[in-house]
Amino acid sequence: MGCYDCCVRCLGGVPYTSLVATLMCFSGIALFCGCGHQALAETERLIETYFARNLQDYITLAYLIQYFQYIIYGLASFFFLYCILLLAEGFYTTSAVKQTFGEFRSTVCGRCLSTTFIVVTYVLAVIWLLVFAISALPVYFFYNMATTCHTIDELSETATSINQLCIDARQYGLLPWDALPGKACGMTLSTVCQTREFFLTYDLYIAAFAGAGITLLALLTYMVSTTYNFAVLRYLGRKGIGTRC
């Protein structure tokens, strides 16, 4: 066997779908965890500076942010390991359906392993769909805030009632109802929207939301790939080809 034939044979055993899904998962999780972690820290700074005067008003939010940051550390580690396992499973099942030394090699353990990954990936995709939806909430909050600031800037020279245009953090559950001031109105809100912290936090949440979407797409790609591999292995098993464990 020549070098060319050996290279073609090796490339034929590469699970390209799983490889693409792994790269998507790594990039999505990196965006979600990295940007989400920093966005939470910037959110705490914004709330502390412009929406709350007393520490007791936002102490609960600060603890929640800290807990979410720890969860992000765990998510990054878990998905890194799980994507590596899925990629390894892709290499295994792809090799199992390739012809090797004149025979196919499909094992009972391989089919059981594929079934396990299909179920786990499906559950993760459902859970991550919820995470994807939740990650849209801070984007919605900052979008409303930016829209209100834009309206204030347009009406600042022609209207005297711009102080009635407010963003109340208490309405979004970020602060308790007795927190003071709890909201920013008029030119104060416009000033907040022009700060570096606001633009940075807004962009970070958008990036985290995009990362969550990429990760969800990667999980769906994994589901398609593992389901296809399982179907092929099951077909080979029914044919009685290589059923040893």
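I started at L64, which sits in helix α3 (residues 55-96). Helices here are DSSP runs of H or I with at least four residues, strands are runs of E with at least two, and both are numbered from the N terminus. This is a predicted model, so I kept local features to pLDDT of at least 70 and side-chain atom pairs to pLDDT 80 or more, while totals for chains, interfaces and linings use all residues. Residues are numbered from 1 along each chain as its sequence is written, and side-chain values use heavy atoms, with hydrogens and water left out.

**Surface around L64.** Buried or exposed, or in between? L64 counts as partly exposed, at 42% relative accessibility. My cut-offs: buried is under 20% relative accessible area, exposed is over 50%, and partly exposed is in between (1.4 Å probe, protein chains only). L64 belongs to a nonpolar surface patch with Y63, Y67, F68, Y70, I71 and Y73, and together they have about 780 Å² of accessible area. Patch members need over 30% relative accessible area and no salt bridge; nonpolar side chains (Val, Leu, Ile, Met, Phe, Trp, Tyr) are joined within 5 Å, like charges within 9 Å. The areas come from the Shrake-Rupley method with a 1.4 Å probe, and for residues only the protein chains shown count as cover.

**Overall layout.** I found seven helices and two strands in the chain. From the N terminus the order is α-α-α-α-α-β-β-α-α. Of the 245 residues, 41% are buried.

**Record check.** The unreviewed UniProt entry lists residues 70-92, 113-137 and 204-224 under "transmembrane region". Positions are in the numbering used here, feature names are shortened, and such annotations may be inferred rather than shown by experiment. In the model, residues 70-92 are 100% helix and 0% strand, with end C-alpha atoms 33 Å apart. Residues 204-224 are also 100% helix and 0% strand, and their end C-alpha atoms lie 30 Å apart.

**Aromatics.** I got 15 aromatic pairs. Rings of Phe, Tyr and Trp (its six-membered ring) pair if their centres lie within 6.5 Å; planes under 30 degrees apart are stacked, over 60 edge-to-face, and the rest tilted. Take F32 and W128: their ring centres are 5.1 Å apart and the planes stand at 70°, so this pair is edge-to-face. F32 is in helix α2 (residues 16-51) and W128 in helix α4 (residues 108-134), so the pair ties together parts 96 residues apart in sequence. F32 is buried at 11% relative accessible area, and W128 is buried at 2%. F78 and F79 also pair edge-to-face, at 5.5 Å centre to centre and 85° between the planes. F78 is partly exposed at 39%, whereas F79 is buried at 3%. I also noted one aromatic cluster made of F141, F142, Y172, F198, F199, Y202 and Y205.

**Salt bridges.** How many salt bridges does the structure hold? I count two, taking a side-chain nitrogen of Lys or Arg within 4 Å of a carboxyl oxygen of Asp or Glu. R45 bridges to E42, with the closest N and O atoms 2.8 Å apart. The two are three residues apart in helix α2, about one helical turn. R45 is partly exposed at 39%, but E42 is buried at 5%. The other bridge joins R170 and D168 at 2.9 Å, N to O, and both residues are buried.

**Helix α6.** In α6 (residues 186-193), I found G186, L189, S190, V192 and C193 buried. They cover an arc of only 155° around the axis, so they lie on the same side of α6; the arc is taken from the directions from the helix axis to the C-beta atoms.
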